[in-house]
Amino acid sequence: MTKFLTRMFSPIYLIYIKGYYSVDSFMYVNIRWKSNLRKTNKHFEGLRNSDLDASKHKLISKMNFLCTEDALPFYKLSTLTLLRIHNTTQQDDRMGFCMGISSDRILRDLWVLKYHHKTIYERLIKVKSVGIENLYPWMVRCTDEILDRYIEILQETKNILGENESTHGYLAKRLNISLKDVEEICEKVPALKTIRVTKLKPFLDFLINEGFTTEDIAKRPRVLTASQETIKLRLEKLRNLGLKEINLNILSRSRKNFQKYFESLESVTNQNL
């Protein structure tokens, strides 16, 4: 178009048509030609920019940004770059590369974007293949050992809880109390809010096998936040002193307080020998 306009408004072309051969006429026509050319180019440039802006807006609107502010930086990209991004994301979707990780999680862990797309895909497919749908970027970055352990814990959790039961529901059932009671216990002992059922089940089994009733545990739930191994060692130490009735609150004391209690009890026991 520009070449065509240049030829149409060429001063030589105009002079030839109108028969202007004088220097003054040539200068007049030359000035008019330049002015007309600038106006015409500006007009077509405006149309072209308008079309490009519309194309950008159309492409960006298909990217499903959460808000306008998130999309603003993309308007600085060229239309060709935006088109490549759009086509790539569409192809990824068709190929099954869109794994369903929320944008918020990706924004909080952008380091994952340094990994090759095949590595990301293979890792997440591994997780989804065992029935895990709640995906996180860290699953791509962690070692195989950590990922395998995470999968193992989730599978154990599913085996214990089934499809629908919650950890709090499981605790209520095991202790023969209501969900409201469990919520009140969690308010008093916040660490129980996030306790894993994979820890809870064997711990409850252990305490019951050691002779503690579900009522004992429900009244003194803090013991469940301790290490099962620690409780086991403390039980052995107290029973070696001949103690038969053991309070769960004593078992869940801090290391310093328990040691102080044990030493005083040991002293009394030695005096009675």
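Hi everyone, let me begin at one residue: E165 is partly exposed, at 24% relative accessible area. For that scale, buried is under 20% relative accessible area, exposed is over 50%, and partly exposed is in between, with a 1.4 Å probe and protein chains only. The side chain of E165 meets that of K173 in a salt bridge, 3.2 Å from N to O. By salt bridge I mean a side-chain nitrogen of Lys or Arg within 4 Å of a carboxyl oxygen of Asp or Glu. K173 itself is exposed, with a relative accessible area of 56%.

Before going on, a word on what we are looking at. This is a predicted model, where local features need pLDDT of at least 70 and side-chain atom pairs count only at pLDDT 80 or more, while totals for chains, interfaces and linings use all residues. Residues are numbered from 1 along each chain as its sequence is written, and side-chain values use heavy atoms, with hydrogens and water left out.

So, how confident is the predictor? The pLDDT, its confidence in each residue from 0 to 100, averages 78 over the chain, and 79% of the residues score at least 70.

Now the overall picture. The chain has 16 helices and zero strands, taken as DSSP runs numbered from the N terminus, with at least four residues of H or I for a helix and at least two of E for a strand. Of its 273 residues, 26% are buried. Among contacts with a separation of 6 or more, 50% are between residues 24 or more positions apart.

Let's go inside. Which residues touch the most other members of the largest nonpolar core? They are L204, L207, L224, I231, L238 and L251, out of 33 residues in that core. A nonpolar core here is a set of buried Ala, Val, Leu, Ile, Met, Phe, Trp, Tyr and Cys residues joined through side-chain atoms within 4.5 Å. Elements giving two or more residues to this core include α10 (167–175), α14 (228–240) and α16 (255–272), and the largest share, six residues, comes from α12. If you click on L207, you will find it in contact with F212, I217, V223, L224, I231 and L248, leaving aside neighbours within four places in sequence. There is also a second, separate core of 12 residues, with I101, I132, L135 and L147 among them.

Helix α10 deserves a look too. Its buried residues are T167, G169, Y170, L171, A172 and L175, and they pack against α9 (144–161), α11, α12 and α13. Just after α10, N176 takes a positive phi of about 60°.

R123 lies in helix α7 and counts as buried at 13% relative accessibility. Beyond four places in sequence, R123 touches M139, V140, C142, T143, D144 and L147.

Back to charges: the structure holds 10 salt bridges. One of them joins K201 and D205, with the closest N and O atoms 3.0 Å apart. K201 is partly exposed at 32%, and D205 is partly exposed at 25%. E210 and R239 form another salt bridge, at 2.4 Å between the closest N and O atoms. That pair links distant parts of the chain, 29 residues apart, with E210 in the loop between α12 and α13 and R239 in helix α14. E210 is partly exposed at 28%, and so is R239, at 35%.

Notes. pLDDT = per-residue confidence, 0-100. Contact = heavy atoms within 4.5 Å.
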